[in-house]
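Dear colleague,

I am passing on the structure we spoke of, with the sequence alongside.

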Amino acid sequence: MDEVKSDTGWLHSNPRLGIDEFMGWVLSDRGSLPRRFSRMVLVPHEGAEATGDPDMPFRAPNANNAGLSESQQRLLQDILLESLDTESPCGYALYAGYNVPGVRKHLKEAGLGYFRGRLAYFAGESKLVNCLFESVEETYGCFHQLSYLWDLEGKWCFSMPPDLDFTTVGCSSEIADRMLATPDLRATEGIQVTTGGQEADSI
């Protein structure tokens with residue numbers, strides 16, 4: 001498919017992506033990434049196919065939005081663990097759309113913040129090794145989909161909201177090259193643009 005252009009750079013003036021700054025971007029529904037990164041990569045979720053539409057480049061045929069398959073999650077997790085410091089501080093956000101009795105109170109007691117806009121999320125921070133797919137499911141259960149994962153210093157970001165059939169990754173060239181070289185991810189290079197539609201400078 002053709003390279004996908006996507007609006008990024010809303011938080012470009014603030015290099016650090018703290019919980020409040022990042023979730024402010026999430027709730028704003030603006031752009032596919034909170035800031036410009038060296039590279040942008042898109043990963044279609046299980047069953048999703050290319051549409052040719054730059055605003056919605058992948059879509060799954062089923063009525064419910066598809067998520068990353070378990071094998072895709074493992075591949076992405078391995079790339080991160082092999083490329084980054086496992087102790088580095090990260091932020092993460094879990095989808096909070098399932099109304100499970102007592103869960104909101106439990107997650108708030110666990111120290112996660114509750115953020116509600118068009119969709120609702122619980123967000124917190126920990127070291128990378130505790131924020132990945134397997135750790136999140138083991139800690140919080142399968143009802144709380146990992147929807148965002150990012151480096152608090154703003155070096156990389158995974159955006160995988162529950163209402164889209166693809167994941168957008170802003171990252172270094174090293175991570176992007178590894179993703180693009182992993183056939184089972186079906187990853188595609190993206191082009192970051194500013195709000196005015198111009199191609200964004202890499203940082």
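The model is a predicted one, and its confidence should be kept in mind throughout. The protein chain has a mean pLDDT of 84, and 83% of its residues reach 70 or more. Confidence in the chain is lowest in strand β1 (residues 4-7), where the mean is 50, and highest in helix α5 (residues 173-180), where it is 97. Residues 195-203 have a pLDDT below 50, and beyond near neighbours in sequence this stretch has 17 contacts in the model.

Turning to the strands, β5 (residues 89-95) has six of its seven residues buried, so this strand is largely enclosed by the rest of the structure. Strand β5 is joined by seven bridges to β7 (residues 120-127), the two running antiparallel, and within this pairing Gly 91 stands opposite Glu 125 of β7. Five bridges join β5 to β8, again in the antiparallel sense, and here Tyr 92 has Leu 149 in β8 as its bridge partner. Elsewhere, β2 and β11 pair antiparallel over three bridges, with Val 41 opposite Glu 189 in β11. Strand β11 is itself mostly covered, five of its six residues being buried.

The pair Tyr 92 and Leu 149 comes up again in the nonpolar packing. The largest nonpolar core has 33 residues, of which Tyr 92, Leu 149, Phe 158 and Met 179 touch the most other members. Not counting residues up to four places away in sequence, Phe 158 touches Leu 76, Leu 80, Ser 147, Tyr 148, Leu 149, Thr 167, Thr 168 and Val 169. As general background, nonpolar side chains in soluble globular proteins tend to be buried together.

How do the axes of α2 and α5 cross, and how far apart do they come? The axes of helix α2 (residues 70-83) and α5 come within 11 Å and cross at roughly 145°, and the crossing is right-handed. On the α2 side the contact is made by Leu 76, Ile 79, Leu 80, Glu 82 and Ser 83, and on the α5 side by Glu 174, Ile 175, Arg 178 and Met 179.

Leaving aside neighbours within four places in sequence, Leu 185 is in contact with Val 43, Pro 44, Gln 72, Leu 75, Leu 76, Ile 79 and Met 179. The C-alpha atoms of Leu 185 and Leu 76 are separated by 8.2 Å, although the two residues lie 109 apart along the chain. Leu 185 has a relative accessible area of 0%, and because buried means under 20%, Leu 185 counts as buried.

Asp 151 belongs to strand β8 (residues 146-151) and is buried, at 4% relative accessibility. Apart from neighbours within four places in sequence, Asp 151 is in contact with Leu 17, Pro 89 and Trp 156, and its C-alpha atom is separated by 8.9 Å from that of Gly 18, a residue 133 positions away along the chain. Ser 159 lies in strand β9 (residues 157-159) and is likewise buried, with a relative accessible area of 5%. Setting aside residues up to four places away in sequence, Ser 159 touches Trp 25, Ser 32, Leu 33, Ser 147, Tyr 148, Phe 166, Thr 167 and Thr 168.

Asp 29 has a positive phi of about 60° although it is not a glycine; Asp 29 is found in the loop between α1 (19-28) and β2 (39-44) and is partly exposed, with a relative accessible area of 47%. Arg 186, also not a glycine, has a positive phi near 55°. Arg 186 sits in the loop between α5 and β11 and counts as partly exposed at 35% relative accessibility.

With kind regards

Methods
Residues are numbered from 1 along each chain as its sequence is written. This is a predicted model: local features need pLDDT of at least 70, side-chain atom pairs count only at pLDDT 80 or more; totals for chains, interfaces and linings use all residues. Side-chain values use heavy atoms; hydrogens and water are left out. Helices (H or I, at least four residues) and strands (E, at least two) are DSSP runs, numbered from the N terminus. Buried means under 20% relative accessible area, exposed over 50%, partly exposed in between (1.4 Å probe, protein chains only). Contact means heavy atoms within 4.5 Å. Two strands pair if DSSP finds at least two bridges between them. pLDDT is the predictor's confidence in each residue, from 0 to 100. A nonpolar core is a set of buried Ala, Val, Leu, Ile, Met, Phe, Trp, Tyr and Cys residues joined through side-chain atoms within 4.5 Å. Axes are lines fitted to C-alpha atoms, for helices over the stretch in contact, and angles run from 0 to 180 degrees between N-to-C directions. A crossing is left-handed if the near helix is turned anticlockwise from the far one by less than a right angle, and right-handed if clockwise.
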